[in-house]
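Here is a friendly note to read alongside the model. Please keep the picture open and follow the points in order.

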Amino acid sequence: MAMNGLIGYTGFVGQNLDGPQYEFRFNSKNSGELAGKSFDLLVCAGVPGHKTLANQFPEQDWQTISELMEHLSQVQCQKLVLISTIDVIPDGAERDEDVELLEDKMFPYALHRIKMEKFVRQRFPDAAIVRLPGIFGKGLRKNFIFDLVFKIPRMFSDQEFLELKSLRPVLLLNTHLHPDHIFGNNFMKEVYGLSTKAAREDDFLVDGAVEVASMLGIKGIAQPPAVGEFLQGGDTVRFGQSEMVVIAVGGHSPGGLCFYSERDKLLLSGDVLFAGSIGRSDLPGGNGKDLIEGIRKKLFVLPEEVKVIPGHGPVTTIGEEKRHNPFFI
Ligand SMILES: [Zn+2]
């Protein structure tokens, strides 16, 4: 009876290779059992594929590969197949199997894998080495591309994005113009031709948005478009059969706006009022006293049952916040 083994059966490549042809399966948990075994065919897909991790923590990567070599040096097999990577081949136009491999120019990921290839060739002269390209895909923690062009606001899930796509927005409002609230505005402009309505007092924040975002560690973001129309407290915004009254509450940002629908008993509170908290007031133009006073005088006068939808975190009500928000009790 043929004795076939698969190393790395729980990894992405290993899972795809696995099948009834293998009597023995190994991963890092039981690779110690390899020692002393003899196989007809042994496929090794056990070299980790996480390129970023390998380059970031090269010692750990080398440790894993060394252990694998150690185990392989204690097995016998007729035929060994090693799954390797095309990353051992240098970048360039002539990227084929004949190109010279330059170990001194390799990142740890490639260097460790070429060493593995060499070990295998020496230990199993008849081995086949298969070099796979980088693999990308959903649920694959590898070579992650982060928000390729920032067309889709990064806070949307796929599901939310699909829902949004099926709707036809007619109005774009900004409660305020902090970077995390306006990077979707490019998308809204490009796809729906909408420009935002917001307070003039916050306008200065648009120009600095990219810089402030990069200070917060958010890089590669396109400059958001200019405000299309300025709103102020007391204005009414109308769309379809709905209307919302603009309530200006500064303090988180100088031009903070809340939008209130009396008919729907609904308040969009931006970063002014949160469930159990209030917005921070330490950003440019912020003022804690204004914020607390504004909430008290302009929001807590609304009916208790009004539903509050904040810019971050869970939904609450005016009554709930009046009674339990630690900033007001
Ligand atoms: Zn904010």
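1. **Two terms to begin with.** Two strands pair if DSSP finds at least two bridges between them. Helices (H or I, at least four residues) and strands (E, at least two) are DSSP runs, numbered from the N terminus. With that in hand, look at strand β1 (residues 4-7): three bridges join β1 to β2, and the two strands run parallel. Across this pair, I7 stands opposite F26 in β2.

2. **What kind of model this is.** The model is predicted: local features need pLDDT of at least 70, side-chain atom pairs count only at pLDDT 80 or more, and totals for chains, interfaces and linings use all residues. Residues are numbered from 1 along each chain as its sequence is written.

3. **The chain as a whole.** The protein chain has eleven helices and 15 strands. Its radius of gyration (taken over C-alpha atoms) is 29 Å, well over the 20 Å that the globule rule gives for 329 residues, so the chain is more spread out than a compact globule. That rule is 2.2 Å times the number of residues to the power 0.38. Along the principal axes, the C-alpha atoms fill a box of roughly 80 × 45 × 35 Å.

4. **Domains.** Where do the domain bounds fall? The assignment gives domain 1 (4-132), domain 2 (138-167) and domain 3 (168-328). Such bounds come from an automatic or database domain assignment. The centres of domain 1 and domain 3, taken over C-alpha atoms, are separated by 54 Å.

5. Strands of a sheet pair through backbone hydrogen bonds, either parallel or antiparallel. Here an open sheet of five strands has the order β2-β1-β3-β4-β5, with parallel pairing. At its edges stand β2 (24-26) and β5 (128-132), each with a single partner strand, so one side of each is left without a neighbour in the sheet. On average, neighbouring strands of this sheet are turned by 15° against each other, direction ignored. Angles here run from 0 to 180 degrees between N-to-C directions, and axes are lines fitted to C-alpha atoms, for helices over the stretch in contact.

6. N4 has L41 in β3 as its bridge partner. Six bridges then link β3 to β4, again in a parallel run, and L42 stands opposite L80 in β4.

7. **Two helices side by side.** How do helix α3 (residues 58-72) and helix α4 (residues 108-123) meet? Their axes come within 10 Å and cross at roughly 10°. On the α3 side the contact includes W62, I65 and M69, and on the α4 side M116 and F119 are among the residues involved. Contact is counted if the C-beta atoms of two residues, placed from the backbone, lie within 7 Å. The residues of this contact divide into eight nonpolar, one polar and two charged. In this scheme Ala, Val, Leu, Ile, Met, Phe, Trp, Tyr, Cys and Pro are nonpolar, Asp, Glu, Lys and Arg are charged, and the others, Gly among them, are polar.

8. **The six-stranded sheet.** Another open sheet has six strands in the order β8-β9-β10-β11-β14-β15, with mixed pairing. β8 and β15 (316-317) stand at the edges with a single partner strand each, so one side of each is left without a neighbour in the sheet. At one end, two bridges join strand β14 (residues 307-310) to β15, and these run antiparallel; K307 has T317 in β15 as its bridge partner.

9. **A hairpin to find.** Strand β8 (residues 236-239) and strand β9 (residues 242-248) run antiparallel, joined by four bridges, and V237 stands opposite M244. They form a hairpin with two residues between them, and G240 in the turn has a positive phi of about 50°. Four bridges also join β9 to strand β10 (residues 257-261), antiparallel as well, where V246 has F259 as its bridge partner.
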